[in-house]
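Subject: Structure for you to look at

Hi,

Here is the structure I promised to send over. Have a look at it first, and then read on for what turned up in it.

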Amino acid sequence: MENLHKKIDPSVPKKIAHIGIAVKNLEEAMAFYEKSLGVSAESIEKVPMDHVEVAFLKVGETMLELIQPLNEKSPVFTFIQKRGQGIHHIAFEIEDLQRRIDILQNEGIRMIDDYPRRGAGGHDVAFAHPSSSYGVLMEYVQSEHRGEL
């Protein structure tokens, strides 16, 4: 019964919001996922700050985020050059992003973002560096900006 009265920490991830997949050609990748999974893009947008164009496809309760670099300035361009196309990051939905950043930094986890910044869909996001998370780029997405992430 003790767990019923325990306050839930709003910085603890609620679910996997999306899985980011780096692609060279967004249209080709969307066609593949639409054909192979029977789903279509729910939204497509450019994120100028990151020099990318993204498409979100809903699969059950999770989204796939297809990410195409727009130029060589994009970190996704560098990722594809080094590792090829494929899974780029896993995003976790949380309610209190700054608190999560503070907790991670206090635990010695290297952050790419020390403060929340605006990402796709107008969400506040922050990334933990893969060197601190067993090679996985982890994104934390604040849930209050949009119903689906």
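This is a predicted model: local features need pLDDT of at least 70, side-chain atom pairs count only at pLDDT 80 or more; totals for chains, interfaces and linings use all residues.

Residues are numbered from 1 along each chain as its sequence is written, and side-chain values use heavy atoms, leaving out hydrogens and water.

S3 and strand S4 (residues 62-69) run antiparallel and are joined by eight bridges; two strands pair if DSSP finds at least two bridges between them. Two residues lie between S3 and S4, and glycine 60 in the turn has a positive phi of about 65 degrees.

S3 also has a partner in S2. Strand S2 (residues 41-47) and strand S3 (residues 52-59) pair in the antiparallel sense over six bridges, with glutamate 53 in S3 as the bridge partner of lysine 46. This hairpin has four residues between its strands, and histidine 51 takes a positive phi near 55 degrees.

Now for the wider picture. Helices (H or I, at least four residues) and strands (E, at least two) are DSSP runs, numbered from the N terminus. The eight strands make an open sheet with mixed pairing, in the order S2-S3-S4-S1-S5-S8-S7-S6. Its edge strands are S2 and strand S6 (117-118), each pairing on one side only.

Towards the S6 end of that order, strand S7 (residues 124-128) and strand S8 (residues 138-142) pair in the antiparallel sense over four bridges. There, valine 125 has valine 141 in S8 as its bridge partner.

Of the 149 residues of the protein chain, 42% count as buried, meaning under 20% relative accessible area with a 1.4 Å probe, protein chains only. Among contacts (heavy atoms within 4.5 Å) between residues at least 6 apart in sequence, 53% join residues at least 24 apart. The C-alpha atoms fill a box of roughly 50 × 30 × 25 Å, taken along the principal axes.

Best wishes

Terms used. Buried means under 20% relative accessible area, exposed over 50%, partly exposed in between (1.4 Å probe, protein chains only).
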